[in-house]
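This briefing sets out the overall dimensions, surface and core packing of the structure shown below. Topics are grouped for quick reference.

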Amino acid sequence: MDQFTLNLIVVGLSFALYFGIAFWARAGSTAEFYAASQGVPPVMNGMATAADWMSAASFISMAGLIAFGGYNNSVFLMGWTGGYVLLALLLAPYLRKFGKFTVPEFVGDRFYSTTARLVAVVCLLVISITYVIGQMVGVGVTFARFLEVSTTAGLLIGSAVVFAYAVFGGMKGITYTQVAQYVVLITAYTIPAIFISLNLTGNFLPQLGFIGGYAPTGGDVTFLAKLDQVVTDLGFGAYTADTPNMLNMFLVTMSLMIGTAGLPHVIIRFFTVPKVSDARISAGWALVFIALLYTVAPAVGSMARLNITATFWPGAVDGDTFSKPALSISEIDSNPDLVWIRNWEKTGLLAFTDKNGDGMIQYINEPAAVTAANKALADAQKALTEAAADADRAPLEAAVAEAQAARDAVLETTPINKKDGAPTLASLGIVGNELTTVNNDIMVLANPEIAALPGWVIALVAAGGLAAALSTAAGLLLAISSAISHDLIKGAIKPDISEKGELLAARISMAFAIVLATWLGYDPPGFAAQVVALAFGLAAATIFPVLMMGIFSTRVGKEGAIAGMIVGLITTAVYIFLYLGWFFIPGTNVYPNTPDAHWFGISPAAFGPIGAILNFATAYLVSAMTKAPPQEVQDLIQSIRVPRGAGKAQAH
Amino acid sequence: MADKSSANAYWAANIKVIVISLIIWFACSFGLGILLRPALSGIHIGGADIGFWFAQNGSIYVFLILIFVYAKVMNGIDRAHGVEE
């Protein structure tokens with residue numbers, strides 16, 4: 001059976017399972033549609049939260065980000081897990097006690113103002129819609145790769161699947177489907193990791209393997225030391241090197257943490273459990289299931305980095321990096337274990353070109369001087385070949401010869417790395433980096449193939465990537481649809497809408513949200529990663545502070561909350577747009593997005609905590625000048641602070 | 001809620017648990033994982049220096065323990081103040 005058929009069978013079976021569950025658990029009331037009737041056991045809610053939380057970015061991209069970013073990209077590991085501590089301690093129990101369905105509903109009641117509720121709806125929609133775009137792109141790319149269809153077709157198939165189970169199932173259907181999706185995605189992630197860890201470190205637990213010894217040379221050298229040695233040999237920065245900017249690393253981690261705690265689609269998960277104490281423990285269970293993937297991810301990233309580097313420099317496996325010649329093109333085309341290189345070349349995620357014509361692919365970190373000299377030479381050659389037939393060719397030929405000599409001189413004097421006694425590029429016969437593209441995502445998607453694992457593991461990774469993207473998309477769509485039908489339609493436009501009418505409105509707004517997300521996923525505004533940075537920054541600067549103040553302050557009133565949210569929203573969005581372009585339209589940025597141009601070295605992704613501080617400061621300042629909340633709100637605050645009497649959600 | 005002073009005592013106990021937990025949360029991730037890494041680079045856990053390990057694995061384990069301990073301690077405080085469900 002070929003790989004394609006195997007992929008179809010495994011992915012098809014997983015989808016049949018999701019549809020079956022969605023049909024069995026379909027929602028009949030708004031309480032079931034919004035919050036699964038508060039009847040989900042904490043362990044199961046934890047598993048569903050984990051699937052909801054771990055998106056295509058976590059599953060497909062994060063290990064690659066860590067593989068190439070090393071220690072500096074630990075921000076994702078700490079940031080996307082530490083937020084659960086904040087959720088468990090600061091938000092989940094109190095919001096569950098409040099006992100209603102949506103985040104804007106809490107903001108509206110606590111700050112006794114429909115305006116506050118609507119501002120919260122706007123924040124929620126901006127956050128969730130930007131986030132869902134990334135998921136739809138992930139769905140399209142994964143379908144396209146594993147089912148051999150175009151990205152557009154992949155996107156359309158994915159939306160149809162989400163539509164089928166999310167619109168009918170509501171929160172109840174989505175929750176139980178996510179439990180199944182979690183099982184699929186965690187199996188798909190850990191099985192290749194265990195195999196690879198056994199290969200490289202002799203330890204079947206990747207978490208121990210990556211701090212253990214390097215097995216192919218007997219285990220005397222640690223795995224991380226071996227990885228550092230190989231990548232620095234090729235001129236890359238060490239994997240474990242310190243961060244160049246501690247302040248920025250600190251702020252990005254903080255932004256991801258408080259952003260996580262402020263993401264509406266994560267918060268609403270804690271409305272589904274029966275009791276306040278369940279909300280606390282449910283955050284713990286969610287983190288257990290998330291940690292299963294997140295503690296494995298640095299092992300997957302670092303081991304895949306060593307595997308792919310050693311594939312192109314076979315000498316690095318058990319000796320010195322340059323002890324054997326680089327991987328040859330004839331080897332790529334003849335060795336059955338290396339078929340993946342040509343396969344992934346077709347997708348554009350991997351690209352190579354034999355610049356020096358020696359039949360081998362040299363993978364190095366190309367020094368900037370070499371890149372510049374090569375470009376000057378290419379420009380001179382282009383001028384010569386494009387010259388008119390009757391033009392004077394002599395000066396052009398002289399220019400080529402001069403550029404050639406200059407380039408060769410650079411190669412003669414440039415060492416391959418920064419170590420003492422490093423060979424020059426010329427002595428190794430290298431003219432530049434020949435592995436021109438290695439996409440981050442390949443570290444997970446091609447991982448089983450790089451490690452020569454069986455075909456069913458590859459098919460499982462396809463099903464896992466789709467499960468991760470679909471489960472997150474469904475959770476986001478639910479948050480969007482409940483904000484529209486419950487907060488906008490029932491809360492502001494048509495308060496006397498019937499239960500049936502609201503359920504219909506919820507389904508229609510979800511269908512509309514899917515169509516919008518599909519359209520935006522087809523033509524995404526800028527990079528998905530940039531868009532996600534905006535979602536976290538805004539969640540950190542708007543939703544998290546307003547919920548914190550709603551619970552922990554008895555003094556902050558509606559004026560303070562509204563002013564705070566608006567200041568947080570605008571400052572954060574403007575700071576991001578200044579560097580990434582207005583509404584991510586390329587070319588409209590005011591400043592270049594480089595560390596030198598950043599305000600105090602703070603990158604756009606790190607601005608969330610600053611926005612949050614501005615939000616808090618504004619809210620307290622305005623509250624000091626305006627009236628304290630009325631008595632019934634004081635009573636509400638006292639009531640959410642104690643667990644007793646949570647009971648079922650009020651249908652009100 | 002029986003009376004206001006017992007409500008205040010419950011809330012004060014709750015805040016104390018939260019503050020202690022947040023100090024641990026901050027110390028393992030931002031402290032050991034980021035700010036103190038250069039100073040502690042001599043201490044190793046397996047093949048990784050302690051700061052690197054806390055940044056990539058260790059703080060996640062601490063977060064996990066923290067939430068479960070918090071949930072257990074809070075259940076005890078709920079019962080002690082008679083506000084459990």
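What is the accessible surface of chain A, and what share of it belongs to carbon and sulfur atoms? The accessible surface of chain A comes to about 23,100 Å², and 66% of that belongs to carbon and sulfur atoms; areas come from the Shrake-Rupley method with a 1.4 Å probe, and for residues only the protein chains shown count as cover.

This is a predicted model, in which local features need pLDDT of at least 70 and side-chain atom pairs count only at pLDDT 80 or more, while totals for chains, interfaces and linings use all residues. Residues are numbered from 1 along each chain as its sequence is written, chains are lettered from A and ligands numbered from 1 in the order in which they are written, and side-chain values use heavy atoms, leaving out hydrogens and water.

**Chain A**

- Chain A contains 26 helices and four strands, these being DSSP runs numbered from the N terminus (helices H or I, at least four residues; strands E, at least two).
- The radius of gyration of chain A is 27 Å, close to the 26 Å that the globule rule gives for 652 residues, so the chain is as compact as a globular protein of that length. The radius is taken over C-alpha atoms, and the rule is 2.2 Å times the number of residues to the power 0.38.
- Of the 652 residues in chain A, 59% are buried (under 20% relative accessible area, with a 1.4 Å probe and protein chains only).
- Chain A carries 33 positive and 41 negative side chains, with the centres of the two sets 18 Å apart. Lys and Arg count as positive and Asp and Glu as negative, without His and the chain ends; each charge is placed at NZ of Lys, CZ of Arg, CG of Asp or CD of Glu.

**Chain B**

- Along the sequence, chain B follows the pattern α-β-β-α.
- The radius of gyration of chain B is 18 Å, well over the 12 Å that the globule rule gives for 85 residues, so chain B is more spread out than a compact globule.
- Its C-alpha atoms fill a box of roughly 55 × 20 × 15 Å along the principal axes.
- Buried residues make up 46% of chain B.

**Nonpolar cores**

- The largest nonpolar core has 242 residues, of which A:Trp53, A:Phe59, A:Leu91, A:Tyr294 and A:Leu547 touch the most other members. Such a core is a set of buried Ala, Val, Leu, Ile, Met, Phe, Trp, Tyr and Cys residues joined through side-chain atoms within 4.5 Å.
- Helix α8 of chain A (residues 151–201) gives this core its largest share, 20 residues.

Notes
Buried < 20%, exposed > 50% of the residue type's maximum accessible area, 1.4 Å probe, protein only.
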